[in-house]
Amino acid sequence: MLKANPNYLKLPGSYLFSTIAKKVAAYKEANPDRTVISLGIGDVTQPLPPSVIKALHGAVDEMASKEAFKGYAPDLGYDFLRNAIAENDYKKRGCDIAADEIFVSDGAKSDSGNIQEIFDEGCRIAVCDPVYPVYVDSNVMAGRTGTYDEKTERWSDVIYMPCTADNNFVPDFPEEAPDIIYICSPNNPTGTAMAKSDLQKWVDYANEHKSVIIYDAAYESYISEEDVPHSVYECDGARTCAIEIHSFSKNAGFTGTRLGYTVVPRDLKDADGVQLHGLWARRHGTKFNGAPYIQQKAGAAVYTAEGQAEIRTLVSYYMENAKTIRDALVSAGYTVYGGVNAPYIWLKTPDGKKSWDFFDHMLEDANVVGTPGSGFGPSGEGYFRLTAFGTHENTAEAVARIKRL
Ligand code: PLP
């Protein structure tokens, strides 16, 4: 008898951003005369950098030539890109990561959702609360999270680590040691980042408890403060306990182009000594036919001197928005977090307003779309996320509207 996967049936509601999109569409249909500005989903608005465009054109031309045409890409990634990543993102930062420990993919969403597949169904996961929804949902799909309590909005088998203003958005060690610990820094949604000293404590904790840290570094290029690490491998001992996930979406604008990578060091083993590197390679070999050559050439262009200068310009552009939003909200009396090492501003809703009520208020009275904090987890209640990924013009207009409220 054909039956749907029961784990999928456990997933509550729709994906957060689909819910928001539906609400916004309904509002726009009912109010066609209003111009709605979205500072909601974390999608970029600026065009791809010139050196990336040049590399894309060059790669397309190669595909048109009999001599240079490329078919299937190697499933773990082309050496030219893996070497550029190893050199620039690791060696230059003093991190001991080899090119063959880097797995090129179509982005950090797939990798952060798929990586759980190499772990036993019985492994206990710990997530920050609030959290990027993919980590929990992908474990629900894998049958690892137990039952869902609608009242508390929590899964029985997930260890939640609240991250609020009370602990400076740095998770405390849970009472029960998890097997898999998801950490995202700089963080989506709170826009805050972990200092190296805090991350080192988590690396030590993971090694001590034989846990693995899945470190999502999608926003690494937004780090502006000296004491914030760009990679978990800047911490001593991370090679034996951490997997790191990267994206080209936020630094180089590849949200529509698609490219990312994951690092699984060879020293990382399960309790029986099984090398996780081999398992992830096996998984790629079976389920992934390689990121397109064209995209990988574009990714390599990001690591050229011109590419690096161009992505610095892009990041500065968005971080100017972050400053615009932060300054305006502070002057309007809001309490704000984030926006210094990340393109997200996490504001406290005024007068204890519920996050979704504040969402409605912003949509209806300012025609600005943000993301309700509670959509990222119960500890996000009473918070609201604004992204700095808009254009300067839209961002300035949105904050002017918010200040007039
Ligand atoms: N990880 C985090 C924390 C994100 O916020 C996002 C996108 O918003 C992603 C991963 C997805 O990145 P990609 O576009 O590479 O799939």
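Colleague: Which residues are closest to the ligand, and how many surround it?
Modeller: Keep in mind that this is a predicted model. Here 14 residues surround the ligand, and the closest are Asn 188, Tyr 219, Ser 247, Ser 249 and Arg 258. By type, the shell divides into six nonpolar, four polar and four charged residues. Helix H5 (108–114) and helix H8 (249–252) each supply at least two residues of that shell.

Colleague: What about polar atoms facing the ligand's oxygen atoms?
Modeller: Look for N or O pairs within 3.5 Å. With Ala 108, a polar backbone atom is 2.7 Å from a ligand oxygen. As for cover, the ligand taken alone exposes 400 Å², and the protein buries 91% of that.

Colleague: Now the strand. Why is E15 largely enclosed by the rest of the structure?
Modeller: Because five of the five residues in E15 (residues 383–387) are buried.

Colleague: Which way do the side chains point in E15?
Modeller: In general, side chains in a regular strand alternate between the two faces of the sheet. In this case Tyr 383, Arg 385 and Thr 387 point one way from E15, with Phe 384 and Leu 386 pointing the other way.

Colleague: Which strands pair with E15?
Modeller: Strand E12 (residues 344–348) pairs with E15 in the antiparallel sense over five bridges, and Leu 347 stands opposite Phe 384. Strand E14 (residues 371–372) is also antiparallel to E15, over two bridges, where Pro 372 has Phe 384 as its bridge partner.

Terms used: Residues are numbered from 1 along each chain as its sequence is written. This is a predicted model: local features need pLDDT of at least 70, side-chain atom pairs count only at pLDDT 80 or more; totals for chains, interfaces and linings use all residues. Side-chain values use heavy atoms; hydrogens and water are left out. A residue is near a molecule or strand if one of its heavy atoms lies within 4 Å of it. A polar contact is a pair of N or O atoms within 3.5 Å; within protein, one must be able to donate a hydrogen and the other to accept it, and residues adjacent in sequence count only if both atoms are side-chain atoms. Accessible areas come from the Shrake-Rupley method with a 1.4 Å probe; for residues, only the protein chains shown count as cover. Helices (H or I, at least four residues) and strands (E, at least two) are DSSP runs, numbered from the N terminus. Ala, Val, Leu, Ile, Met, Phe, Trp, Tyr, Cys and Pro count as nonpolar, Asp, Glu, Lys and Arg as charged, and the others, Gly among them, as polar. Buried means under 20% relative accessible area, exposed over 50%, partly exposed in between (1.4 Å probe, protein chains only). Two strands pair if DSSP finds at least two bridges between them.
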